[in-house]
Amino acid sequence: MKDPFVAELVRLSPPDLHTLEFRGSSNLTKVVASPTDCLPRLHTLDISSCPALDFVLVQSDSLTSINLVSEWRWVNIRG
């Protein structure tokens, strides 16, 4: 899975989408879910074990769980 596909998926997702899982996607370098109303009911995002992941921007009022755990490195979250 490559970045343009993810961007298009976020853009075209139905408003009632609750879960996105890209776990283990080796080609994924960037995940952007912005602005806050692009995925208004998203509760769970799993982007764990994506070795090339370098950038994450998620703006959400509904997100309750995000999995960034990686086997290759620690990920720091600043809020």
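Reader: Which backbone nitrogen lies 3.1 Å from a polar atom of the side chain of S60?

Author: The backbone nitrogen of S62 does. A polar contact is a pair of N or O atoms within 3.5 Å; within protein, one must be able to donate a hydrogen and the other to accept it, and residues adjacent in sequence count only if both atoms are side-chain atoms. The 3.1 Å of this pair is within the 3.5 Å limit, so the pair qualifies. The side chain of S60 also has a polar atom 3.0 Å from the backbone nitrogen of L63.

Before we go on, a word on the model: it is predicted, local features need pLDDT of at least 70, side-chain atom pairs count only at pLDDT 80 or more, and totals for chains, interfaces and linings use all residues. Residues are numbered from 1 along each chain as its sequence is written, and side-chain values use heavy atoms, with hydrogens and water left out.

Reader: What is the average pLDDT of the chain?

Author: pLDDT is the predictor's confidence in each residue, from 0 to 100. The chain averages 87, and 86% of the residues score at least 70. Among the elements, helix α1 (residues 3-12) has the lowest mean, 87, while strand β3 (residues 44-46) has the highest, 96. Where pLDDT is low, the predicted coordinates should not be read in detail.

Reader: How many helices and strands does the chain have, and in what order do they run?

Author: There are one helix and five strands, in the order α-β-β-β-β-β from the N terminus. Helices (H or I, at least four residues) and strands (E, at least two) are DSSP runs, numbered from the N terminus.

Reader: Where is S62, and why is it called buried?

Author: S62 sits in the loop between β4 (55-58) and β5 (65-67). Buried means under 20% relative accessible area, exposed over 50%, and partly exposed in between (1.4 Å probe, protein chains only). S62 has 15%, which is under 20%, so S62 is buried. Contact means heavy atoms within 4.5 Å, and beyond its neighbours within four places in sequence, S62 is in contact with L39, P40, R41, L42 and H43. A polar atom of the S62 side chain also lies 2.6 Å from the backbone oxygen of L42.

Reader: Why are the buried residues of α1 said to be on the same side?

Author: The buried residues of α1 are D3, V6 and V10. They cover an arc of only 60° around the axis, so they share one side of α1; the arc is that of the directions from the helix axis to the C-beta atoms. The face turned away carries the exposed residues P4, R11 and L12. The cover over the buried residues of α1 includes β1 (19-21) and β2.

Reader: Which residues have the most contacts inside the largest nonpolar core?

Author: They are V10, L20, F22, L28, L39, I47 and L53, in a core of 14 residues. The elements giving two or more residues to this core are α1 and β2. A nonpolar core is a set of buried Ala, Val, Leu, Ile, Met, Phe, Trp, Tyr and Cys residues joined through side-chain atoms within 4.5 Å. Beyond residues up to four places away in sequence, I47 touches F22, L28, V31, L53, V56, N67 and L68.

Reader: What share of the chain counts as buried?

Author: Of its 79 residues, 28% do.
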